Protein chains: 2
Amino acid sequence: MKTNWLDAGDSDFAERLTALTAWSEERDEEVTERVRGILKDVAQRGDQAVIDYTNRFDRRQVTSMAELTVNREQLLAALERIPVALREALEAAARRVRAYHEKQKQDSWQYRDEHGSLLGQQVTPLDRVGIYVPGGKAAYPSSVLMNALPAHVAGVGEIVMVSPAPDGELNDVVLAAAAVAGVERFFSLGGAQAVAALAHGTETVPAVDKIVGPGNIYVAEAKRQVFGKVGIDMIAGPSEILVVCDGKTDPEWIAMDLFSQAEHDEEAQSILVSPDAEFLKRVDAAMDRLAPTLEREDIIRTSMANRGALIQVRDLDQALEVVNRVSPEHLELSMDDAEAWARKVRHAGAIFLGRHTPEALGDYCAGPNHVLPTSATARFSSPLGVYDFQKRSSLIGCSPEGASELGRIASALARGESLTAHARSAEYRIKKD
Amino acid sequence: MKTNWLDAGDSDFAERLTALTAWSEERDEEVTERVRGILKDVAQRGDQAVIDYTNRFDRRQVTSMAELTVNREQLLAALERIPVALREALEAAARRVRAYHEKQKQDSWQYRDEHGSLLGQQVTPLDRVGIYVPGGKAAYPSSVLMNALPAHVAGVGEIVMVSPAPDGELNDVVLAAAAVAGVERFFSLGGAQAVAALAHGTETVPAVDKIVGPGNIYVAEAKRQVFGKVGIDMIAGPSEILVVCDGKTDPEWIAMDLFSQAEHDEEAQSILVSPDAEFLKRVDAAMDRLAPTLEREDIIRTSMANRGALIQVRDLDQALEVVNRVSPEHLELSMDDAEAWARKVRHAGAIFLGRHTPEALGDYCAGPNHVLPTSATARFSSPLGVYDFQKRSSLIGCSPEGASELGRIASALARGESLTAHARSAEYRIKKD
């Protein structure tokens, strides 16, 4: 199969790897301006602007927000309508995702220092969160679970979901997933107008404190522009997988694991790293055999040709060097002793251990989140989690003795910074002997 | 003193409070363009570009990066040079800040599910972090401690600090604070060129994974533009305090607490909320008495007149409603039972409990961080902390039994989303009966 063959021993390896994995999103001035206009219009005209843009962009003819509002009963009705097997799969996935995320929940803590002063951190959930879910063909119920469940586990007061209904069509499985994930309110809105409504609030759509979830360039740009007024999650790049294999896994399994990433879109990236040159060839042959059996063969071929790679390394230690350089979103360690090797991984969104853990299990139901840092941002960021829907307030309560002691230190430092009011505010609390 | 008097019982109260606390940062197209140019130039020309901009903007005449490099020995020498009392205050503050932040450190965890599959989260520190510290008059050694110590506690591999030296002048206390806080490398660089050097790396300045710390509009804009390539902290707005007092604290203490915020700059915001109308008047009179005794009287008067407020409420419950609406950066609960009241606070950066806990103690040495969410962003964000310098990787390791079970669920969901390669990758791991 047409793809990029690299050898970590080559002198130009670092350079080629950097070029292959580089991703810089093109920002379009015209998109920026159009989004700016939509945000301003929705902030000013509220519901009516939302209705106008929805009719225009989603080809609808609604006259009131009531037609764009899906209530909890309708979500539950969708859950009843979908095939039983799908419903059971959704519920099983939700149970596992919920159980994993429960472990991420952070509690408030406090302690007293030697002066009896209280120090601590009060952890609270966000009041209200907005979740964007793409509509139409790329409507993924699993995204509903992965975005809404951490918010629900965190104890967020109200979860508001938006998802567009192009030509009026809503995906029943998306509605059912929303029901399973604890979504309270649902509006069939999309695009920059949906983000605007969530950020500014309208007569009908409540203003939220944070907006998460994937979307097209208009949605991404709108999130970028409202950031600061509300919180947002990361703006994701194309999805990636890096598989390290010792050569002892069935080549067809590995080929299909690479394809499961490549089938997402033409920009997706699938990389296999192995010290076994023969194995790389066997996986290549397996890809040739398997590709014609898949619906998304064209996308897979384009993605493998442009951004895929088979990389030969000297040994597994060098494979780990490649891993830490790439800092992949998904890392599959298809090898013996995967747990031990995982401890050498410094940067990765999610690590899949051993031959029986394909990335697809993590995408749907293993438990951990499938919203992960892409484009090497795993160097400084984390999977979406309960912690993204909790926030912290520092707690400081000085005893009179503590205040007196700290007052002296603060006074010295404040005067060193010429901030006299700071110094005098502290000095009032110093005990007079 | 000229300031804004509000009464929570007035019909236009909500509107006036919103107007008073609104803050929207003006972004200047010219700044955006100039910063874009500087970033591009430094990315292309490296050290030489950094030297050129530094000579121009900081009025210097250096010819090599060596002249802009301060090594660990020079930092330690500065620590020896500063007055002993100041050194002791810095070290005492650092001890306390370190002790508090140690409690924020998060550990990796894992568990096994009913099939023996491993699930967990691997927590690792960032490899390298850049800390920006403003130079010149607004050089605050306390900022050095508050930004560098959490990174140090997190176990960050290398902490690189940048701080400009206008006309070649470096602040000894800033260098001393860097020594105390575990900074390994220090460059006397500032502005967008410093952010560019940290984000892209040059021959001399190593590329970092995250950039934190306050700066002017060029620094803020540069951070905004490099976000995505590296992590950044929040872009801070003007500093704010909201004091709730039951009327039983010395009015001069409260007046000075308000001033300690107002003296920062003309845009700073100081608000006092009390159910005791007489007390508000006594604080007003105390402000009149105290203002003329302060060096920064002019700044204080401007800030109190434009953005300050004395707010009368019906009772303390209504005071807490005002708190949660404002979501202040600093909240002082100068009242009885402050700990119990604090549990009703939903949004605040830091909560100062009781009459003996002025905000100034938290600014310098109580322990918690003084980098806090401003402009109501406490609704969705947290103080700077160790967690900002750690990141998480999900861990998933399926047993053959677990993979078989999960494979069935994933297959159903993937086929529901028409992602066949995902489904087949999962199905390979289902056991054949």
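User: In which strand of chain A is the place of A:Tyr132?

Analyst: In this predicted model, A:Tyr132 belongs to strand S5, which covers residues 128-132 of chain A.

User: Why is A:Tyr132 called buried?

Analyst: The relative accessibility of A:Tyr132 is 4%. Buried means under 20%, so A:Tyr132 counts as buried.

User: What is A:Tyr132 in contact with, leaving aside its neighbours within four places in sequence?

Analyst: Its partners include A:Val162, A:Pro164, A:Gly190, A:Gly191, A:Ala194 and A:Val219. Contact here requires heavy atoms within 4.5 Å.

User: What makes the pair A:Tyr132 and A:Gly191 a polar contact?

Analyst: A polar atom of the A:Tyr132 side chain lies 2.8 Å from the backbone nitrogen of A:Gly191. The cut-off for a pair of N or O atoms is 3.5 Å, and the distance of 2.8 Å is within it.

User: Which residues does UniProt place in the feature "binding site"?

Analyst: The UniProt record, an unreviewed entry, gives A:Tyr132, A:Gln193 and A:Asn216. These residues span 85 residues in sequence, yet no two of their C-alpha atoms are more than 12.6 Å apart, so they gather at one spot.

User: How do you know whether A:Gln193 is buried or exposed?

Analyst: A:Gln193 has a relative accessible area of 2%. The limit for buried is under 20%, whereas exposed means over 50%; A:Gln193 is therefore buried. This residue is in helix H8, residues 191-200 of chain A. Leaving aside neighbours within four places in sequence, A:Gln193 is in contact with A:Ile38, A:Val42, A:Val50, A:Tyr53, A:Thr54 and A:Phe57.

User: How many residues of chain A are in contact with chain B, and what area is buried between the two chains?

Analyst: In chain A, 113 residues are in contact with 113 residues of chain B. The buried area is about 9800 Å², and carbon and sulfur atoms give 58% of it. A:Tyr364, A:Ile396 and A:Arg429 supply 8% of the area that chain A buries against chain B, more than any other three residues.

User: Why is the link between A:Arg379 and B:Asp209 called a salt bridge?

Analyst: The closest N and O atoms of A:Arg379 and B:Asp209 are 2.6 Å apart. A salt bridge needs a side-chain nitrogen of Lys or Arg within 4 Å of a carboxyl oxygen of Asp or Glu, so the pair A:Arg379 and B:Asp209 qualifies. Between chain A and chain B the count is eleven salt bridges.

User: Which helix supplies the largest share of the side of chain A that touches chain B?

Analyst: Helix H16, residues 400-416 of chain A, contributes nine residues, the largest share. By class, the side of chain A that touches chain B has 57 nonpolar, 31 polar and 25 charged residues.

Terms used
Residues are numbered from 1 along each chain as its sequence is written. Chains are lettered from A and ligands numbered from 1 in the order in which they are written. This is a predicted model: local features need pLDDT of at least 70, side-chain atom pairs count only at pLDDT 80 or more; totals for chains, interfaces and linings use all residues. Side-chain values use heavy atoms; hydrogens and water are left out. UniProt positions are given in the numbering used here, feature names are shortened, and annotations may be inferred rather than shown by experiment. Helices (H or I, at least four residues) and strands (E, at least two) are DSSP runs, numbered from the N terminus. Buried means under 20% relative accessible area, exposed over 50%, partly exposed in between (1.4 Å probe, protein chains only). A polar contact is a pair of N or O atoms within 3.5 Å; within protein, one must be able to donate a hydrogen and the other to accept it, and residues adjacent in sequence count only if both atoms are side-chain atoms. Buried area is the accessible area (1.4 Å probe) that two parts lose on being put together, summed over both. Ala, Val, Leu, Ile, Met, Phe, Trp, Tyr, Cys and Pro count as nonpolar, Asp, Glu, Lys and Arg as charged, and the others, Gly among them, as polar.
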